[in-house]
Amino acid sequence: MSQIPVSTAAAETLTDVVTGHGASAFRAAQLRRAVWQPFVVTMDDIHQLPAGLRGALANELQFSTVTVAAETEADAGRTVKLLCRLDDGQTVETVAMETPAREGSRRRATVCVSSQVGCAVGCPFCATGRMGLLRSCTAAEVVDQVRAASGALHRRGLGPVTHVVYMGMGEPLAAYDTTIASLRVLVADAGISARRITVSTSGVVPAIHRLAQEGIAPTLAISLHASSDELRDRLVPLNRAHPLASLIEAGMGYARQTGRRLTFEWCLIGGVNDSMEQARGLRDLAARAHAHVNVIPMNHIDDSPWGPPDRRAERAFLGQLDGMVVTVRDTRGADGEAACGQLRAALEQRRSLRPDGTLSPPRRAAAV
Ligand code: SF4
């Protein structure tokens, strides 16, 4: 008999399982709460449950669908990258990042999850895109990445998890059912507000319309990367099916429906999308959609001819965004293994854009 993943099992299912072993129904509620404790790593750690029941449940329920196969640290241990092994031997990457409280901002701990093993979108600048799509993750695999990351933070005296971003491997809106089911569990069982969950999409327009109607409104980030169809067709091949006009309309519709401010992500690639024309196009689109802009200078990936722009070109590009709400995530110097090939959150530094188009000095940060 195959085991039921405990993290995504419905309350009624857990009650049936628990009472099937002669225990009271309240044990199911205890179990459901306990699996979200970062120090609980096996069924046997749930000491509220009688030992006999723990043993019986371990046969029937799968405590986690992911196993941490490798763990690396950066940023003085405040960033942890996990290689999560799934039951079929596939692996995905998960990143956990802690940002200490600062004046005007609270402490946050963000987990970046993968929604697919590989990705079918095939953005040519992305390490994950080169893999092609092997399969989508299950909802339990996404949720269990958050639990594994929560445990990794806890072991370092960090956490609890306050934010989740679907920005790791894969296109979360192509794995729509997985994304929605895992979102619902994170909100209902992990207690993470949808406002603190970001779904990042390369532009699956019909799914954006659908998401707007789900009644669970995460923040939506659109990986724009180009402000003309001609260039975006090359950088984000999905654009050929869902061109910019329809994508921006869908994003604006989502913002209207949910009251959430959109984010536009822009991976800045030297000599490719760092022209003044592209910058002005981005400014116009962001102004129209009232979107926050997140600029991520590209990292080199092995044997790719593309890379980040030089500092002067970057400054000139950012200068065109004067007056916009812009965040720059400086990933230069990051290692070559971050989750989505480009997010490279592990070693990111956040800088802010000054009104004159120059950047403030780097400061360590993990917010996205
Ligand atoms: S950038 Fe994102 S959408 Fe594009 S190939 Fe990589 S994982 Fe897929």
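User: Which residues does Leu-153 touch, leaving out those up to four places away in sequence?

Analyst: In this predicted model, Leu-153 touches Pro-38, Val-80, Ala-96, Glu-98, Ala-109, Leu-158, Gly-159 and Val-161, once residues up to four places away in sequence are left out. Taking Glu-98 as one of them, its C-alpha atom and that of Leu-153 are separated by 8.0 Å, although the two residues are 55 apart along the chain.

User: Is Leu-153 buried or exposed, and why?

Analyst: Leu-153, which has its place in helix H4, is buried because 23 other C-beta atoms lie within 10 Å, and the cut-off for calling a residue buried is 20 or more.

User: Where else does H4 turn up as a cover for buried residues?

Analyst: Helix H4 (139-155) is part of what covers the buried residues of H5, and the cover also includes strands S8 (133-136), S9 (163-166) and S10 (197-201). The buried residues in H5 include Thr-178, Ile-180, Leu-183 and Leu-186.

User: How far does H5 reach from end to end?

Analyst: H5, which runs over residues 176-188 and has 13 residues, reaches 18 Å from its first C-alpha to its last, and this is close to the 18 Å expected at 1.5 Å a residue.

User: Changing topic, at what angle do H6 and H8 pack?

Analyst: Helix H6 (residues 205-212) and helix H8 (residues 244-258) pack at an angle of about 5°, with their axes 9 Å apart, and they are therefore roughly parallel to each other. The residues of their contact divide into seven nonpolar, six polar and no charged.

User: And how do H1 and H2 cross?

Analyst: The axes of H1 (residues 11-20) and H2 (residues 26-34) come within 8 Å and cross at roughly 120°, so these helices are oblique to each other, and their crossing is right-handed. On the H1 side the contact is made by Ala-11, Leu-14, Thr-15 and Val-18, while H2 brings Arg-27, Ala-28, Leu-31 and Arg-32. Those residues divide into five nonpolar, one polar and two charged.

User: Zooming out, how many helices and strands are there, and what share of the residues is buried?

Analyst: The secondary structure of the protein comes to 10 helices and 16 strands, and 49% of its 368 residues count as buried. Among contacts between residues at least 6 apart in sequence, 65% join residues at least 24 apart.

Key
Residues numbered from 1 in each chain as written. Predicted model: local features only at pLDDT ≥ 70, side-chain atom pairs only at ≥ 80, totals over all residues. Helix = DSSP H or I, 4+ residues; strand = E, 2+ residues; numbered from the N terminus. Buried ≥ 20, exposed ≤ 12 C-beta atoms within 10 Å, placed from the backbone. Contact = placed C-beta atoms within 7 Å. Expected span 1.5 Å × (residues − 1). Axes fitted to C-alpha atoms, helices over the stretch in contact; angles between N-to-C directions. Parallel < 35°, antiparallel > 145°, perpendicular 65-115°, else oblique. Left-handed = near helix turned anticlockwise from the far one by under 90°. Nonpolar A, V, L, I, M, F, W, Y, C, P; charged D, E, K, R; others polar.
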